[in-house]
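Thanks for coming. I will take a few minutes to walk through one chain, so please have a look at it first.

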Amino acid sequence: MRLILLILAIAAIVMIFRHLYRPTRRMPPCADSERMARCATCGVHVPCSMAVHRGDRWYCSQEHAEHDG
Ligand SMILES: [Zn+2]
C-alpha cells in the first residue's frame, strides 16, 4: 500500500514539475507552413510557405520585406 502511495506521490510531483517547467514555446506566427501570414506592409494574407520572414514580421513578398525597412 505504501508503495502505491509513493508511486502516486512521485507521479503527482512529476506532473506538477512538468506543468511548472513546461517550455513556453513562442513560435513565430507562421511556424506551420499550412497557416496564413499577414504581410506587415500591405496586410495581405499569404500562405506561410510563400511568406517572407524578416525579424518577427512576415511579408507577402521580398519587395515588401525590403520596403518595410
Ligand atoms: Zn505585402
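None of the 19 residues of H1 is buried, so H1 lies largely in the open. Here, buried means that 20 or more other C-beta atoms lie within 10 Å of a residue's own; exposed means 12 or fewer, and partly exposed is in between, with C-beta atoms placed from the backbone.

Before going on, two notes. This is a predicted model, in which local features need pLDDT of at least 70 and side-chain atom pairs count only at pLDDT 80 or more, while totals for chains, interfaces and linings use all residues. Residues are numbered from 1 along each chain as its sequence is written.

Back to H1, which covers residues 2-20. At 1.5 Å a residue its span should be 27 Å, and the end C-alpha atoms are 27 Å apart, which agrees. The expected span is 1.5 Å times one less than the number of residues.

Now the whole chain. It has two helices and four strands, in the order α-β-β-β-β-α along the sequence. Of its 69 residues, 10% are buried.

Next, Val-46, which sits in strand S2, residues 45-47. Val-46 counts as partly exposed because it has 19 C-beta neighbours inside 10 Å. Leaving out residues up to four places away in sequence, Val-46 touches Met-36, Ala-37, Cys-39, Ala-51 and Cys-60. Touching means contact: C-beta atoms, placed from the backbone, within 7 Å.

Val-52 and Ala-65 are 13 residues apart in sequence, and their C-alpha atoms are 6.9 Å apart in space.

Note on methods
Contact = placed C-beta atoms within 7 Å.
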